[in-house]
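Please find below a short note on the structure under review.

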Amino acid sequence: MQAIRSILVVIEPEHSESLALKRAKLIAGVTQAHLHLLVCDRKHDHSAMLGVLKAALVADGYSVTTEQAWNESLHETIIDVQQAEGCGLVIKQHYPDSPLKKALLTPEDWKILRNCPTPVLLVKTVGSWKDKVILAAIDVGNTDDEHRHLHNTIIDYGYDIASLAKAKLHVISAHPSPMLSASDPTLQLSETIEARYREQCKAFQAEFDIDDEHLHIAEGPADVLIPYKVHELQAALTVIGTVARSGLSGALIGNTAEVVLDAVESDVLVLKPEEIMDHLEEIVTHH
């Protein structure tokens, strides 16, 4: 998180109170990152509003540039500008789509999550992160290198944000239901599955000083458990990973990050494995 030198903040002209900007100021205030404010609109001129925002931020000691752009679609515009400016984080306010619209069209925010080569913070709440809970959601059952690296990144970011917001970090991992037919006897009982998952968490618990009380391992689908735990802990931010690639695999509905996005009552920070970020960067560069 501290390594992020520049943040792209998507400003919605029709919403005067920018929740995205509020979060960006919090992060930049600690990391000293540069803020690049972007309005995506091809019809109306918003230079006066951007000028006012910039002047106020500069007066408060922030480093700021502004831009208005449009290219084909909202997500393409955001990704083009992110690439051109070299921003290491994109912050945008999330507006949920109706279930009907979602069934017919892929929501723009999903497209940003799938195609943007950097972490994306989607802001949904007005409240402060200070003294609240930051919930990092990982999938301990996946032990391949890509997932292991992603888990570390998720907990790393969660830890950083908890430190900068003076919040408490909790970690959650869902585990599958027991299968009597499983060849491995530890997968036949809930208790033994949970014990194995907890064992796999020991290393990062030691590294990030997360005690058992702050580690939640529960049985069930992640897209049900995560919103439940966010509600129970009153979490202010959920940090989650996605391995969704663009193309066919990206089109499979049911990626946990996308399903969770509308279901949780918190802001959502979505991260990807490094390999996928590099792959997306390549696609975008040659686009």
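**Notes on the model**

1. R42 lies in the loop between β2 (34-40) and α2 (47-59); helices (H or I, at least four residues) and strands (E, at least two) are DSSP runs, numbered from the N terminus. This is a predicted model, in which local features need pLDDT of at least 70 and side-chain atom pairs count only at pLDDT 80 or more, while totals for chains, interfaces and linings use all residues. Residues are numbered from 1 along each chain as its sequence is written, and side-chain values use heavy atoms, with hydrogens and water left out.

2. R42 is exposed, at a relative accessible area of 61% (buried is under 20%, exposed over 50%, partly exposed in between; 1.4 Å probe, protein chains only). From C-alpha to C-alpha, R42 and N71 are 8.3 Å apart in space, although 29 residues apart in sequence.

3. K229 belongs to helix α8 (residues 222-233). With a relative accessible area of 14%, K229 is buried. Beyond its neighbours within four places in sequence, K229 is in contact with L135, I172 and H216 (contact means heavy atoms within 4.5 Å).

4. Which residues of α3 meet α5? From α3 (residues 74-85), L74, H75, I78 and I79 meet E108, K111, I112 and N115 in α5. By class, this contact has four nonpolar, two polar and two charged residues (Ala, Val, Leu, Ile, Met, Phe, Trp, Tyr, Cys and Pro count as nonpolar, Asp, Glu, Lys and Arg as charged, and the others, Gly among them, as polar).

Methods
Axes fitted to C-alpha atoms, helices over the stretch in contact; angles between N-to-C directions.
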